[in-house]
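Here is a short briefing to read alongside the model. Have the sequence and the 3D view open, and follow the topics in turn.

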Amino acid sequence: MDRKLIGVDLGGTTIKFAILTDNGEVQQKWSVETNILDEGSHIVPDIIESINHHIDLYNMDKAQFIGIGMGTPGTVDRENGTVVGAYNLNWKTTQHVKADVEAGTGIKFTMDNDANVAGLGERWKGAGENGSDVSFVTLGTGIGGGLIADGHLLHGTAGAAGEIGHVTVEPNGYLCTCGKRGCLEQYASATGVVHVARDMAEEFSGDSELKRQADDGQDITSKLVFDLAKSGDALAVRVVDKVCYYLGLALGNLANTLNPESIIIGGGVSAAGDYLLKQVDHYFQEFAFTTVRNSTSLKLARLGNDAGVIGAASLALAFK
Ligand SMILES: [Zn+2]
């Protein structure tokens, strides 16, 4: 009998599911909306219902499944299978996710933080090419990271390893949601890019479409900044250069510390593609020391939205 894995990527707006072979090949994919009403109390029952329904739908047998792996926001207690502090899910109290999912599906369950899981996915089936030392950074609304060193995902003593978004890149810089100043997330996430663009627009006196739109009070997005920079807009080019400087600084120091084979850049901001990668790499080369510069390379993520479900499923390989 072919043995399968289930990957679940729990997010604030959708829950993504996939059934995979134990080699990481996605065979079925589906998603449901995340119902965060009533303090998120519908989320776990919805996950159980959706998994049971699809196993029936595909005429599969529960005994076929090695396990279910899930990536979740919030702080994960992997030993007890609980999550706390996932505020975008309205989960204010401790959620006994593992016990509930195992009781509801009869399949073994394990989970980890969503950015760690996306990192595992890119490492296994994406740009990481199954290397033993791979770092992953996701540039979305915020910045997250997943670090795999000597074949193991790093968690740290309080589960905060890989929080690349809170690396200080500008002492006394912008105030971060974590309470600290100058965090990478405030400069290079989608919202950070916009913050940098608005501040630089105030000082800029040359001709620029980005400045006109910012001065007009129009909605600026990080995509607009990158698109205008690609078309040569003088201010947008400077904004992108500054953002890439901060990324090159943080990733250079990450590489100086861990010396991974690759640092994979994913998330919405990475849609700027090679244009972004080249400029980050320029500064990365400046901040990485020789041995690291010659052995660690920057890459763009390849799996897009599938990184979460694939990485989550890989967690369940531990039950094999
Ligand atoms: Zn911070």
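**Strands, rings and cysteines**

Strands β1 (residues 4-10) and β4 run parallel and are joined by six bridges. Helices (H or I, at least four residues) and strands (E, at least two) are DSSP runs, numbered from the N terminus, and two strands pair if DSSP finds at least two bridges between them. This is a predicted model, in which local features need pLDDT of at least 70 and side-chain atom pairs count only at pLDDT 80 or more, while totals for chains, interfaces and linings use all residues. Residues are numbered from 1 along each chain as its sequence is written, and side-chain values use heavy atoms, with hydrogens and water left out.

**Around β4**

- Buried means under 20% relative accessible area, exposed over 50%, and partly exposed in between (1.4 Å probe, protein chains only).
- Strand β7 has four of its five residues buried, so β7 too is largely enclosed by the rest of the structure.

**The five-stranded open sheet**

- An open sheet of five strands has the order β10-β9-β8-β11-β12, with mixed pairing.
- Its edge strands, each pairing on one side only, are β10 (152-153) and β12 (297-300).
- Strands β8 (residues 134-139) and β11 (residues 262-266) run parallel and share five bridges; Thr138 stands opposite Gly266 in β11.
- Helix α4 (residues 114-125) lies across β8, β9 (143-149), β10 and β11, at about 55° to β9. Axes are lines fitted to C-alpha atoms, for helices over the stretch in contact, and angles run from 0 to 180 degrees between N-to-C directions; contact means heavy atoms within 4.5 Å.
- Helix α10 (residues 274-287) lies across β8, β11 and β12, running at about 165° to β12.

**Aromatic rings**

- Seven aromatic pairs occur in the structure. Rings of Phe, Tyr and Trp (its six-membered ring) pair if their centres lie within 6.5 Å; planes under 30 degrees apart count as stacked, over 60 as edge-to-face and the rest as tilted.
- Phe17 and Trp30 make a stacked pair, 5.1 Å centre to centre with 5° between the planes. Phe17 belongs to strand β2 (residues 14-21) and Trp30 to strand β3 (residues 26-33), so the pair ties together parts that are 13 residues apart in sequence. Both residues are buried.
- Tyr187 and Tyr246 make a tilted pair, 4.5 Å centre to centre with 45° between the planes. This pair links distant parts of the chain, with Tyr187 in helix α5 (residues 185-188) and Tyr246 in helix α9 (residues 234-258), 59 residues apart. Tyr187 and Tyr246 are both buried.
- A cluster linked by ring pairs takes in Tyr174, Tyr187, Tyr245, Tyr246, Tyr283 and Phe287.
- Lys125 has its charged end over the ring of Trp124, 5.6 Å from the ring centre (NZ of Lys or CZ of Arg must be within 6 Å of the ring centre and within 35 degrees of the ring normal).

**Cysteines**

- Searching the whole structure gives zero disulfides, a disulfide being a pair of cysteine sulfur atoms within 2.5 Å.
- Cys178 is partly exposed, at 41% relative accessible area, whereas Cys183 is buried, at 0%.
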